[in-house]
Amino acid sequence: MEFSNPVKKPIKRSKSYKIRIWVQLFFFILIALISINHTLVEEGKGIAFLSSASLHALCPFGGVVSLYQFITTGTFVQKVHQSSLILMIIGVVLALFAGPVFCGWVCPLGTFQEWIAKLGRKLFKKRYNHFIPAKVDNVLRYLRYLVLIWVVFMTAKSMTLVFANVDPYFALFNFWSSEVAIGGLIVLGLTTIASLFVERPWCKYACPYGAFLGIFNLFRIFRLRRNATTCIDCKACDKACPMNIEVSKMAVVRNHQCISCMECTSSAHCPIPVTVDFVVGGEK
Amino acid sequence: MKITPRLMAIFVVVVLFGGMLVSMAMGEWTTKSTKEPIKFSEGEFAGQYDPADIRGSYTFGDVSRLFEIPLDQLAVAFRVSEADVAAVALKTIEEKFVNLEVDLGTNSVRLFVNLLIKDWATSQGLAFSTFKSQLQALVDAVK
């Protein structure tokens with residue numbers, strides 16, 4: 001059955017949903033400055049009031065891969081520090097409430113891919129983010145769980161940070177440093193090129209930390225709910241979703257790929273108020 | 001209750017920085033290595049530092065202090081020409097020996113310290129078998 005949009009005039013919507021862009025920009029600049037400061041401090045210079053921590057110390061995934069070694073020996077994998085474990089705990093707390101909100105609002109690599117996506121969207125218009133056939137795409141989405149298992153197993157076995165050899169996040173903020181592995185630069189290059197065709201390709205198909213946080217979507221406390229009675233089936237939510245989730249077919253979004261970016265909500269792209277929203281409590 | 005993007009932004013920033021501040025207040029927030037390797041838990045070297053856990057961020061000064069190896073011996077072994085040998089980080093060794101066929105780096109320091117321990121163990125009449133396999137792994141890594 002076809003529904004017509006009962007809203008005659010465009011809704012005067014607050015631009016407050018764009019606050020995510022500013023939060024992302026803040027974390028991107030913060031991490032970039034810390035990484036530059038890390039290099040400067042090693043050369044005997046540096047900015048006094050800014051952290052000079054290694055990026056490995058500021059990556060919550062370091063806590064995930066170190067967990068086995070920490071439990072069995074009480075130590076961390078080389079290059080990983082206690083701050084990574086604390087960030088992992090914070091990431092889990094955030095995910096318990098809102099799902100992979102870290103991916104959608106904080107991760108600078110996700111932000112970088114979204115910036116490249118703007119160019120891809122201009123180049124390919126409506127075809128952007130729809131190059132891969134749905135059947136193939138659905139299978140590829142589970143690749144990141146294989147990556148997660150491989151990284152955790154190999155790190156536990158070797159007691160070294162094996163992921164550092166292919167880590168595009170570290171490469172993005174250390175491409176000028178001799179510490180970055182060539183594998184990381186290659187993966188970063190591939191991710192950048194792929195971002196011209198697919199939105200957030202690293203997050204969708206390869207990110208082991210995103211895979212870990214995605215599990216929390218099954219039972220997060222803040223639920224992304226679609227009100228079927230007010231929904232006009234315009235599919236604006238589907239088009240807005242960077243992860244290609246068909247929100248318009250769900251009552252509650254529990255998809256492991258959702259990054260809690262809120263682009264599908266009535267505060268952002270859904271044209272009908274109180275139709276797609278993040279809610280606490282209420283009916284299930 | 002509806003979560004707006006503004007509320008979500010506040011939630012993310014407060015939980016993230018709040019968690020970091022709490023951990024700092026508790027003295028748990030560390031972003032640097034403690035410069036103290038793990039110790040052997042068994043065998044004749046129980047209680048002593050394990051050379052396999054030497055990190056690239058350690059300086060020659062740290063290695064000298066932890067394993068009681070004279071700095072001048074380390075400087076000769078790794079051709080450290082800087083005036084302040086103690087301040088040179090181990091991870092810089094790789095840049096010094098870029099033209100060699102073998103890959104020299106932090107693993108080489110681990111091996112060197114291990115060999116010194118072997119000399120010491122032999123002089124003390126102790127068995128080297130405890131960490132022989134570990135040493136072999138290091139040798140393989142340097143190859």
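I checked the length of helix 3 of chain A (residues 82-98): at 1.5 Å a residue its 17 residues should span 24 Å, and the end C-alpha atoms are 24 Å apart, which agrees. The expected span is 1.5 Å times one less than the number of residues. Helices are DSSP runs of H or I with at least four residues, strands runs of E with at least two, numbered from the N terminus.

The model is predicted; local features need pLDDT of at least 70, side-chain atom pairs count only at pLDDT 80 or more, and totals for chains, interfaces and linings use all residues. Residues are numbered from 1 along each chain as its sequence is written, and chains are lettered from A and ligands numbered from 1 in the order written.

Next I looked up burial (buried: 20 or more other C-beta atoms within 10 Å of the residue's own; exposed: 12 or fewer; partly exposed: in between; C-beta atoms placed from the backbone). In helix 3 of chain A, 12 of the 17 residues are buried, so the helix is largely enclosed by the rest of the structure. Among them are A:Leu85, A:Ile86 and A:Leu94. I found the buried residues packing against helix 2 (60-73), helix 4 (101-106) and helix 11 (208-214) of chain A, and helix 1 (5-25) of chain B. Contact here requires C-beta atoms, placed from the backbone, within 7 Å. Just after the helix, A:Gly99 has a positive phi of about 75°.

I then turned to B:Thr31, in the loop between helix 1 and helix 2 (60-67) of chain B. B:Thr31 is partly exposed, with 18 other C-beta atoms within 10 Å. Leaving out residues up to four places away in sequence, B:Thr31 touches A:Ser51, A:Ala53, A:Ala57, A:His81 and A:Ser83.

Definitions and conventions
Two residues are in contact if their C-beta atoms, placed from the backbone, lie within 7 Å.
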